[in-house]
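This briefing is intended for a reader who has the sequence and the three-dimensional structure at hand. Please keep both in view while working through the points that follow.

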Amino acid sequence: MAVWGYVRVSSKDQNEDRQIQEIMPLVTTESHLLVEKQSGKDFNRPIYNSLKNIMREDDVLVIKSLDRLGRNYEQMKDEWKDLTDRGIKIKVLDL
């Protein structure tokens with residue numbers, strides 16, 4: 001089991017430090033924290049998609065808040081189901 005962190009900000013001028021500070025103590029190693037600067041309008045995000053391919057059953061994905069996955073409720077719900085169906089656990093710090 002590995003614990004992965006995913007940090008996303010919508011634009012290059014936004015600061016991801018606050019998310020990193022909260023998630024870093026929870027991940028397996030520093031290399032298990034992935035940061036992406038891209039809009040959450042869809043799931044065409046290269047870093048997130050790479051992370052999805054790396055994670056295995058019983059791994060944990062830590063995100064700061066649910067909206068870090070995306071902005072569209074239906075897409076987020078489908079994404080949540082896809083991850084949990086693969087046996088990946090999701091920990092959301094701010095619900």
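**The salt-bridge network**

Aspartate 94 has a relative accessibility of 38% and therefore counts as partly exposed. The model discussed here is predicted. Aspartate 94 belongs to a network of salt bridges that also links Glu22 and Lys64. The points below begin with these charged pairs and then turn to the strands, the helices and the surface.

**Charged pairs**

- Nine salt bridges are counted in the model, where a side-chain nitrogen of Lys or Arg must lie within 4 Å of a carboxyl oxygen of Asp or Glu.
- Side chains of opposite charge can pair when their charged atoms come close.
- Lysine 64 forms a salt bridge with aspartate 94, and their closest N and O atoms are 2.3 Å apart. This pair connects distant parts of the chain, since lysine 64 is in strand 3 and aspartate 94 is in strand 4, 30 residues apart.
- Lysine 64 also forms a salt bridge with glutamate 22, with the closest N and O atoms 2.8 Å apart. Because glutamate 22 lies in helix 1 and lysine 64 in strand 3, the pair ties together parts that are 42 residues apart in sequence.
- Is lysine 64 buried or exposed? Lysine 64 counts as buried because its relative accessibility is 7%, under the limit of 20%.
- Glutamate 22 counts as partly exposed, at 32% relative accessibility.
- A further salt bridge joins the side chains of lysine 77 and glutamate 74, at 3.5 Å from N to O. These two residues are three apart in helix 3, so about one helical turn separates them.
- Lysine 77 is partly exposed, with a relative accessible area of 41%, and glutamate 74 is partly exposed at 43%.

**Strands and their pairing**

- Strand 1 (residues 3–9) pairs with strand 3 in the parallel sense over three bridges. Tryptophan 4 has leucine 61 in strand 3 as its bridge partner.
- Strand 1 also runs parallel to strand 2 (residues 33–37), to which five bridges join it. Here the bridge partner of valine 7 is valine 35 in strand 2.
- Strand 3 and strand 4 (residues 89–94) pair in the parallel sense over five bridges, and isoleucine 63 has valine 92 in strand 4 as its bridge partner. The chain passes from strand 3 through helix 3 to strand 4 in a right-handed β-α-β crossover.
- A right-handed β-α-β unit is also made by strand 1, helix 1 (residues 17–23) and strand 2.

**Enclosed strands**

- Strand 1 is largely enclosed by the rest of the structure, because seven of its seven residues are buried. Val3, Gly5, Val7 and Val9 point one way from this strand, while Trp4, Tyr6 and Arg8 point the other way.
- Strand 3 (residues 60–65) is likewise largely enclosed by the rest of the structure, because six of its six residues are buried.

- In helix 2 (residues 46–54), the residues Tyr48, Leu51 and Lys52 are buried. They lie on the same side of helix 2 because they cover an arc of only 100° around the axis.
- Pro46 and Asn53 are exposed on the other side of helix 2.

**A nonpolar surface patch**

- Leu66, Trp80 and Leu95 form a nonpolar patch on the surface, with about 340 Å² of accessible area together.
- Tryptophan 80 is located in helix 3 (residues 73–85). Tryptophan 80 counts as partly exposed because its relative accessibility is 32%.

Methods. Residues are numbered from 1 along each chain as its sequence is written. This is a predicted model: local features need pLDDT of at least 70, side-chain atom pairs count only at pLDDT 80 or more; totals for chains, interfaces and linings use all residues. Side-chain values use heavy atoms; hydrogens and water are left out. Patches are made of residues with over 30% relative accessible area and no salt bridge: like charges are joined within 9 Å, nonpolar side chains (Val, Leu, Ile, Met, Phe, Trp, Tyr) within 5 Å. Accessible areas come from the Shrake-Rupley method with a 1.4 Å probe; for residues, only the protein chains shown count as cover. Helices (H or I, at least four residues) and strands (E, at least two) are DSSP runs, numbered from the N terminus. Buried means under 20% relative accessible area, exposed over 50%, partly exposed in between (1.4 Å probe, protein chains only). Two strands pair if DSSP finds at least two bridges between them. A crossover is right-handed if, with the strands pointing away from the viewer, the path from the first strand over the helix to the second runs clockwise. The arc is that of the directions from the helix axis to the C-beta atoms.
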